[in-house]
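Hello,

Here is the structure I promised to pass on to you. Have a look at it first, and then read my notes below.

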Amino acid sequence: MSAFRPCGVVTLTTDFGLEDPFVGVMKGRIVERFPTARVIDLTHAIPPQRAAEAGFWLARCFEYFPEGTVHVAVVDPGVGTNRAIVCIAARGHALIAPDNGLLAPVVACSAHSDIYELAPSTLSALGIRDVSATFHGRDIFAPVAAELASGRLAPSDLGERRAGLAHGAPEEPLGGPGAARPAQPGQSVRGKVVTIDHFGNLITDIDSTRLAPLRDPHVTIGGRVVPCRRTYGEARPGELLALVNSFDALEIAVAQGSAAAELGVGRGAPVLVWSSPLPDERNPL
Amino acid sequence: MSAFRPCGVVTLTTDFGLEDPFVGVMKGRIVERFPTARVIDLTHAIPPQRAAEAGFWLARCFEYFPEGTVHVAVVDPGVGTNRAIVCIAARGHALIAPDNGLLAPVVACSAHSDIYELAPSTLSALGIRDVSATFHGRDIFAPVAAELASGRLAPSDLGERRAGLAHGAPEEPLGGPGAARPAQPGQSVRGKVVTIDHFGNLITDIDSTRLAPLRDPHVTIGGRVVPCRRTYGEARPGELLALVNSFDALEIAVAQGSAAAELGVGRGAPVLVWSSPLPDERNPL
Amino acid sequence: MSAFRPCGVVTLTTDFGLEDPFVGVMKGRIVERFPTARVIDLTHAIPPQRAAEAGFWLARCFEYFPEGTVHVAVVDPGVGTNRAIVCIAARGHALIAPDNGLLAPVVACSAHSDIYELAPSTLSALGIRDVSATFHGRDIFAPVAAELASGRLAPSDLGERRAGLAHGAPEEPLGGPGAARPAQPGQSVRGKVVTIDHFGNLITDIDSTRLAPLRDPHVTIGGRVVPCRRTYGEARPGELLALVNSFDALEIAVAQGSAAAELGVGRGAPVLVWSSPLPDERNPL
């Protein structure tokens, strides 16, 4: 079910930014072992150390890549300590990351996934030596990803199979796909802002399935009540709106503007969605 | 004349930024349909919604790519509404964008171009389903670009041929190549700042052809008079200069510094170029 | 020893940023001449005009790419003047840059390197015409890199061999690999901050070889005394630490934080490393 047949594509998700040569040298290490790799940046702008945000995006994005893609995610405050590295085979994809909970949302949204822990002996067998204490992205993740993407190594070759991740999501549950129960009729749904995109849209951990039972839903955030729309173009420029975005997450936006600037809220801000009319609970935050 | 023979290269121009995984998933969708695509980022830093700026750059850049390149431009405030998507075949290239005027500068600078409107039936024929209301870059532009770049689809296969774009340039004319008449001897030339580059250089909508008749031209901008040079190295560090840049547009710069910071002006700032001496009009702005 | 056999990989290092289409059109020019080039961004965030910082990174990064890589570096305040362009063949790699000292750290760390100056006649022979005065990255470096990476041109075909670079490092010596002598027992080592990475880590020009003779080394920077660790995870979150980073340079960091913000220092800040105890010299800066 989760058989992994590599297609030669590798994606990278890190908190390294693009200012420094860190991402470039990872790619150098990948093409050194697998010259025809097609490496695609998913994002390198995860806020430093926020493994949960990397997992949030990875769980929502990995299936937009061809089956057989190797996804590398390095948000790794424990680099150089004895934290493990794990590889998950799920839905025909392979994902590799530190075992710090980053991959929990991927496991949560996959009916079946196999988890393997990278063994030190695998590194020796691959000729991976001189591993630095601070840059495993270059020294371990890149060469291992190249071996997986080239098909010379299967996820199950990396090391022992594990029953689960050593850590759940690195923060309180982020409401990954399927992680929270849907609203009951008449109920409201609570969540929070997980990330803010380039446009200042506030993306929440509330997925559309949780909203389905709500009638004429409205959103309360930052002390404001926001109506739900289907798309940005249905609101007037400058107007606040909420919508289920293209990654199936509730998002608060300003048409042709920035909701983050308009509302003055950021990551972690509480969000309430309620059926209208819900007279006693309009501004409960 | 504008026959399109794909070379396998796809460029991307958006206002998505690089912080989020939006550009990455577009690339995932492209390589899913066309694994050997070579995808090149032109820019993802178009200011949000400024389709005119995307068109300004695209018209000046697309011919630096090999003939047969597919150029995808997504600056799309109308996503999810009934705005059309158009594909232009011009000078051996194919360009696809929302029909919001973004491609007007490309049409303006191409002696001959064919314009086609993407038909809904084409999407069905290509198996493009589950199109979101908010992210056509991923759900429509990426797969269609892959089909064009692979050669499985020609621009003329997308839908009906159109006589012109539904919209001209999305703002007042930006003086795209050939869009404005050259100065007459003794006249001055007026324009404005279109974009500001990474160095703080102020790039205007005034092309070199308009400047040709001027004698010893000087530029007035932000209340300052700026001399014209051939290259940055001809000015002393910190000195203001104007030059015709490598995209054939008049640019105001500070040698080894930022003209935007020095002059305190931004996009839309008026620019006057005049023959020297022009005693009564030195500081007319 | 420095024979160059191209592998088809090209890296790019510039101060162009990623906001504008400058890097994209360079890639267009490369794939136009060499369609199967695999182009990897090393960094485009070198501070404007700081050729020394580009050389610092390039010298520390180029060997993480496969032998046969062509490395293009364009930090070029003298573009359009009569500054030369040089190509270095070193350790199986080819590196091409303006002759402004950018490549000095690469020469300094290579036991043997061959230096060639690009001749104007080579440009004509390659059909490189219409060279702009301001964008040699697109008009010269990109097509020449494509010719080198494709193997149609060898470094020695570019022009006359040179005995050395016209300029040393563009600022005071940056302590490139091997550039400074190691400490003597009981001595301290002085250096400075060369660059600040995405995490706010302060990266210095002090390499590990210089530190080897020091006993229980401590670092003084910004009036603070900082202990040395092996990896970030050995410090408590928020704690200052110094370590030899994965590029063999001394770095001052804050665990899960920003040393630049904590210390309020930037590029050029003096750094002292001393054997503990060294009572009379603890805060000598």
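Are F199(B) and F16(C) buried or exposed? F199(B) is buried, and F16(C) is buried as well; buried means under 20% relative accessible area, exposed means over 50%, and partly exposed is in between, with a 1.4 Å probe and protein chains only.

Before you go further, please note that this is a predicted model, where local features need pLDDT of at least 70 and side-chain atom pairs count only at pLDDT 80 or more, while totals for chains, interfaces and linings use all residues. Residues are numbered from 1 along each chain as its sequence is written, chains are lettered from A and ligands numbered from 1 in the order in which they are written, and side-chain values use heavy atoms, without hydrogens and water.

**Aromatic rings**

Rings of Phe, Tyr and Trp (its six-membered ring) pair if their centres lie within 6.5 Å; planes under 30 degrees apart are stacked, over 60 edge-to-face, and the rest tilted. Over all chains, this rule gives 30 aromatic pairs. One of them is F22(A) with F135(A), edge-to-face at 5.8 Å centre to centre and 70 degrees between the planes. These two are 113 residues apart: F22(A) is in helix α1 (residues 22-33) of chain A, and F135(A) is in the loop between α4 (120-125) and α5 (136-150). Helices (H or I, at least four residues) and strands (E, at least two) are DSSP runs, numbered from the N terminus. F22(A) is buried, with a relative accessible area of 10%, and F135(A) is buried at 5%.

F199(B) and F16(C) also form an edge-to-face pair, 6.5 Å centre to centre with 70 degrees between the planes. F199(B) lies in the loop between β8 (189-196) and β9 (202-207) of chain B and F16(C) in the loop between β1 (9-14) and α1 (22-33) of chain C, so this pair joins two chains.

F22(A) and F135(A) belong to one aromatic cluster whose members include F56(C), W57(C) and F247(C).

**A charge over a ring**

R138(A) lies over the face of F247(C), at 4.9 Å from the ring centre. The rule asks for NZ of Lys or CZ of Arg within 6 Å of the ring centre and within 35 degrees of the ring normal. R138(C) lies over the face of F247(B), also at 4.9 Å.

**A covered helix**

Helix α2 (residues 51-61) of chain C is mostly covered, with 11 of its 11 residues buried. Among them are F56(C) and W57(C).

Enjoy exploring!
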